[in-house]
Amino acid sequence: MVWFISIDCILLTVKNRYATLRLLDTMQLFIVTALFAFVASYFADLQSVQACAVCLTGADGSVADAYDWSVLFLMTTPYLVVGSIGGGLAYAYRRAAVKKANDAAAEEAPKHLA
Amino acid sequence: MAKSSAARRLLHDQEPPVAAKETAFGGGPPPGPPVQANAPVLNNAKLGVIMMLGAEAMFFAGLIGAFIVFRLAAEQWPPPFQPRLPVGVTGVNTLILLISAFTMHFSVRAVRAGDIGGSRRFLTVTAFLGTLFLAIQGFEWIKLVHFGLTVSSSVYGGLFYTLIGAHGAHVLGALVWLVVVYGQARRGRYSTKDYNGLQICGMYWTFVVALWPVLYGLVYLY
């Protein structure tokens, strides 16, 4: 329901950005629905929404720690990989720019000074 | 349009009037010298290998993540009634692989310095060290299987063969690549100015070598 209203809200904005009153109505409905969903989730059976493998099996202790460390490791690795590649590329481009500037300066220098 | 003008030519047997030759765009100063594009900082082959190495790093990160889950969750590691891994022999094997990274580096440096023969010799040494690494690994695997450590014997065995086997497959792939590069070097494919093939092979070899100490520390020592 919340997704439906938010998508409707976006579509409405794209279609007619000046339909301010209708947009306000939709946003009001969105806020009320979100609040209702939040309050309802508090009273709902929490067991049914535990999609995570660790939460579902009620794992704790060493198993939960193992999952935590694994998640942390897997979360960090993409940043390290992309950061390393980006850093390497930035270094290569910077080095090439410095070399090009040096070459240009050497070409412009008077012959008798070279 | 073209059809009608051809028909007219046939009927009247005369050439159509030729428009007077005019300079393009009504003249103007002569064009300047051609603009030379900047040479790319990284060529496509290197960029492609870098992307592939990123994907490979993520692949091994997934395997290592699985290992971390089982290793940290286990009460006892290695599990009871499972053979211990050969730490000493594999340590020596690690040294062999690390030396091969240096010989590969020397090979690239030699071709850059114009010593093509020296580059080929270093390639041969690198290929020999890689083969030696794989041979020792295979020998140890046979012994471990005889001792009862198989893929299906336990999670321990499954993880060991998956992680180390994936790395072994990569070393084998890198070795095949190395042999191809060696063949190209023999045919005079590489020179001081053009040695990209050798360089990207070196990048892949370095990745495979750099990965091994991580796996050795994690699987054998931890």
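What follows is a chat about this predicted model.

Q: What's the secondary structure of chain B?
A: Chain B has 6 helices and 0 strands. From the N terminus the order reads α-α-α-α-α-α.

Q: And chain A, how many helices there?
A: Chain A has 4 helices and 0 strands, running α-α-α-α along the sequence.

Q: What share of each chain is buried?
A: In chain B, 23% of the 222 residues are buried. For chain A the figure is 1% of 114 residues.

Q: What's the confidence like in chain A?
A: The mean pLDDT of chain A is 77, with 61% of its residues at 70 or more. Helix 1 of chain A, residues 2–15, has the lowest confidence, with a mean of 62, while helix 4 of chain A has the highest, at 90. Where pLDDT is low, the predicted coordinates should not be read in detail.

Q: How many residues does each chain put into the contact?
A: Chain A gives 16 residues and chain B gives 13 residues. On the chain A side, that's 12 nonpolar, 3 polar and 1 charged.

Q: OK, back to chain B. Where's the largest nonpolar core, and which residues touch the most other members?
A: That core has 30 residues, and B:Leu178, B:Leu198, B:Trp205 and B:Val208 touch the most other members. Helix 2, helix 3 (87–112), helix 4 (116–146), helix 5 and helix 6 of chain B each supply at least two residues of this core.

Q: Which helix gives the largest share?
A: Helix 6 of chain B, with 10 residues of the core.

Q: What about another core?
A: There is another one apart from it, with 9 residues, including B:Ile64, B:Leu149, B:Phe160 and B:Ile164.

Q: You listed B:Leu198. What does B:Leu198 touch?
A: Leaving out residues up to four places away in sequence, B:Leu198 touches B:Ser107, B:Val108, B:Val111, B:Val181, B:Ala185 and B:Tyr190.

Q: Stay with helix 6 of chain B. Which of its residues are buried?
A: The buried ones are B:Leu198, B:Ile200, B:Cys201, B:Gly202, B:Trp205, B:Phe207, B:Val208, B:Val209, B:Leu211, B:Trp212 and B:Tyr216. They pack against helix 2, helix 3, helix 4 and helix 5 of chain B.

Q: How far does helix 6 of chain B reach from its first C-alpha to its last?
A: Its 26 residues reach 37 Å, close to the 38 Å expected at 1.5 Å a residue. Helix 6 of chain B also has a kink of about 25°, centred on B:Leu215.

Q: Same thing for helix 2 of chain B: what span should its 30 residues have?
A: At 1.5 Å a residue, residues 44–73 should span 44 Å, and the end C-alpha atoms of helix 2 of chain B are 44 Å apart, so the two agree.

Q: Which residues are buried in helix 2 of chain B, and what covers them?
A: The buried residues are B:Val49, B:Leu53, B:Ile64, B:Phe67, B:Ile68, B:Val69 and B:Arg71. The cover includes helix 4 (62–108) of chain A, together with helix 5 (155–186) and helix 6 (196–221) of chain B.

Q: Switching to single residues. Is B:Leu97 buried or exposed?
A: B:Leu97 counts as buried, because 25 C-beta neighbours lie inside 10 Å, and the cut-off for buried is 20 or more. B:Leu97 is in helix 3 of chain B.

Q: What is B:Leu97 in contact with?
A: Setting aside neighbours within four places in sequence, B:Leu97 is in contact with B:Phe133, B:Val209 and B:Trp212.

Q: Now the loop between helix 2 and helix 3 of chain B. What's going on at B:Pro78, which is found there?
A: A cis peptide bond joins B:Trp77 and B:Pro78, with omega about 0°.

Q: And B:Phe81, what's its phi?
A: Phi of B:Phe81 is near 65°, a positive value in a residue other than glycine. B:Phe81 is also found in the loop between helix 2 and helix 3 of chain B.

Q: Why does B:Phe81 count as exposed?
A: Because B:Phe81 has 8 other C-beta atoms within 10 Å, and exposed means 12 or fewer.

Conventions: Residues numbered from 1 in each chain as written. Chains lettered and ligands numbered in written order. Predicted model: local features only at pLDDT ≥ 70, side-chain atom pairs only at ≥ 80, totals over all residues. Contact = placed C-beta atoms within 7 Å. Nonpolar A, V, L, I, M, F, W, Y, C, P; charged D, E, K, R; others polar. Expected span 1.5 Å × (residues − 1). Core = buried A, V, L, I, M, F, W, Y, C linked by C-beta atoms within 7 Å. pLDDT = per-residue confidence, 0-100. Bend = angle between axes of the 7 residues up to and from the residue.
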